[in-house]
Amino acid sequence: MHKLIVIWTFLKIGILNELAYRVNFYVQIFQSAVSLAQALLGVYVVFLHTETLGDWRSYDLLALIGVFVIIGGAISIVIRPSMMQLMTDVRRGTLDYTLTKPEDAQFLVSISQFRIWKATDFVLGGIVLSYALFKRGTDVGAVDTLTFGLVLLCGAATIYSFFLVLSTISFWYIKVENILNIFDAMVQAGRWPIGIYPHWLRFVLTFIVPVAFAITVPARALTGRLDSESLTAAILVAAGMLIASRLFWRWGLRHYSGASA
């Protein structure tokens, strides 16, 4: 309950900051719409020339794009802005203020920034996903919904852990933002099924930059094509990434000199 109060406090601060620049809401809608239109146009062009892409049909791929937009929204709302703020605080030495607070430092830096207008991605992604499932004629039951929610949560946890690891590198190196830009480019590959890529790239997007577990696996869950091995792997990868990122964070803290050093 205490952590929920802390989250709500940071969320209110984020809302107040965003409401000070309400025009950003319309800018965000435009940006999200353009990004979604580009993704949909790509699908349209592909299926002008073929009926399937790998083992994915048009509405399967549309559902994948819906999941991609939702995960992108989660990254943009809190994960990326909070991690960017962490790197700034490390560079300036102002992380000291966070470390002196009684709450867990990793928890605080992970929710330090909220960009509420990015929630438009959730709405747009949900609309695309719902439309794809409707046109596909998929009967989504309670079990499918719970499984989708579980693997989507695992995917978000995996992406968060990866961001935390990259951001923690800022304890040793200053210009980590460039690495995040490369990671963003890798995430963009998730708008297409992982299975269509060459084996080496498929390996990278599954085990090095775990885009597959964040996007492709949840989409498979809703389209009725998720096997028990993939579900188990998604859970184990998420748990392993959370533990590894936590340990790496604690190790990184021991190398933080701070402004008072």
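**Exercise 1.** Which residues lie nearest the centre of the largest pocket, and how many residues line it?

*Solution.* The structure is a predicted model, in which local features need pLDDT of at least 70 and side-chain atom pairs count only at pLDDT 80 or more, while totals for chains, interfaces and linings use all residues. Residues are numbered from 1 along each chain as its sequence is written, and side-chain values use heavy atoms, with hydrogens and water left out.

Step 1: a pocket is, on a 1 Å grid over the protein atoms alone, an open set of points where a 1.4 Å probe fits, with protein on both sides within 12 Å along at least five of seven lines, and its lining residues have an atom within 4 Å of a point.

Step 2: the lining of the largest pocket holds 19 residues, and Ser-35, Gly-72, Ser-76, Asp-121 and Gln-188 lie nearest its centre.

Step 3: two or more lining residues come from each of helix H2 (23-46), helix H3 (58-92) and helix H8 (177-188), with H3 giving the largest share, seven residues.

**Exercise 2.** Describe the lining of the second largest pocket by position, element and class.

*Solution.* Step 1: of the 16 residues that line the second largest pocket, Val-78, Ile-79, Ala-156, Ala-157 and Tyr-160 are the closest to its centre.

Step 2: H3, helix H5 (105-110) and helix H7 (142-168) each supply at least two lining residues, and H3 gives the most, with five.

Step 3: when Ala, Val, Leu, Ile, Met, Phe, Trp, Tyr, Cys and Pro count as nonpolar, Asp, Glu, Lys and Arg as charged, and the others, Gly among them, as polar, this lining has 13 nonpolar, three polar and no charged residues.

Notes: Helix = DSSP H or I, 4+ residues; strand = E, 2+ residues; numbered from the N terminus.
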